[in-house]
Amino acid sequence: MGITRTDWSKCYIEGRGFRRLGDEEKGLLVEHAPAPEGGRALDVGCGTGEMSVYLASLGYTVDGADFAEGALEQARTDHPDAEVRWLCLDIERDDPAPLGNDLYDLVVFRLSVAFLNDRTRVLHALGRRLREGGTMLVITPLAAHTPAEKRRIALDEEEITALTCGWTSVQRIAAGDLAALVLRGPCADTVAVERSVPATGYAVAGALAVVTDEHGRVLLGWSKRGMWEAPGGKIDGAEPLDGAGVRELAEETGVE
């Protein structure tokens, strides 16, 4: 989203206020994610650690992860006695090795998932770190309740639909002006649908474009059929394959 680690650290160092953990959110955790004996929790985008400390009070062994060292410094200062392992980690781009190999019973994204560029991939990757019966809890502002200038902090309905795609169980709960998504797996890496009509008796040639960035991520679009797809389509007449791929990419995404 164009916000760097340095930018976020500066916000915390300057003491900018962020939304406090509310009673409705605490109630969600008690009701939908009570700590099992020996339970482990990961708080992604933990900020100054309020959620992490509350999870520890419920009985979880907690990892609080944030990519801004300034946030973690403030968390250590505000909660010197907290039994939380603070990790400086960009969950989207860094090597996840610091998380270790032990599975979690709960993974929480509180007010942080909207800042991820590749949300679905990250959530599914962390979903594979959940124990059987584990819970992914996403708490997010909604675009409909968020001023236009703060749109980057919130999700709209299409983004929520994409984010929850592939999970075995999806429960959405209102928490004031926030939405809480309770996701349980196993979660699928891909979603496919069967053909709704028989194949035609003749062959149709087509081309698609595979576009990647420096992190190896692939450009996909969410189609009207409810599927992730690479940009592409049928070849127009005697059009060459590479020309068709370039044309379809421009038509569907605006990328030249």
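Tyr104 stands opposite Leu130 in S5. Strands here are DSSP runs of E, at least two residues, and helices are H or I runs of at least four, numbered from the N terminus. Two quick notes on the source. This is a predicted model, where local features need pLDDT of at least 70, side-chain atom pairs count only at pLDDT 80 or more, and totals for chains, interfaces and linings use all residues. Residues are numbered from 1 along each chain as its sequence is written, and side-chain values use heavy atoms, with hydrogens and water left out.

Back to S4. Six bridges join S4 to S5, residues 130-141, and the two run parallel. Pairing requires at least two DSSP bridges between the strands. From S4 the chain goes through helix H5, residues 119-127, to S5. That β-α-β crossover is right-handed, meaning clockwise from first strand over helix to second, with the strands pointing away from the viewer.

Now the other neighbour. S1, residues 40-44, pairs with S4 in parallel over four bridges. Ala41 has Leu106 as its bridge partner. Val44 stands opposite Phe109.

How covered is S4? Seven of its seven residues are buried, that is, under 20% relative accessible area with a 1.4 Å probe, protein chains only.

Next, the whole sheet. Seven strands form an open, mixed sheet, ordered S3-S2-S1-S4-S5-S7-S6. S3 (84-88) and S6 (169-175) are the edges; each has a single partner strand, so one side of each lacks a neighbour in the sheet.

Last, a helix. H4, residues 69-78, packs on the sheet and touches S2 and S3. Contact means heavy atoms within 4.5 Å.

Definitions and conventions: Buried < 20%, exposed > 50% of the residue type's maximum accessible area, 1.4 Å probe, protein only. Axes fitted to C-alpha atoms, helices over the stretch in contact; angles between N-to-C directions.
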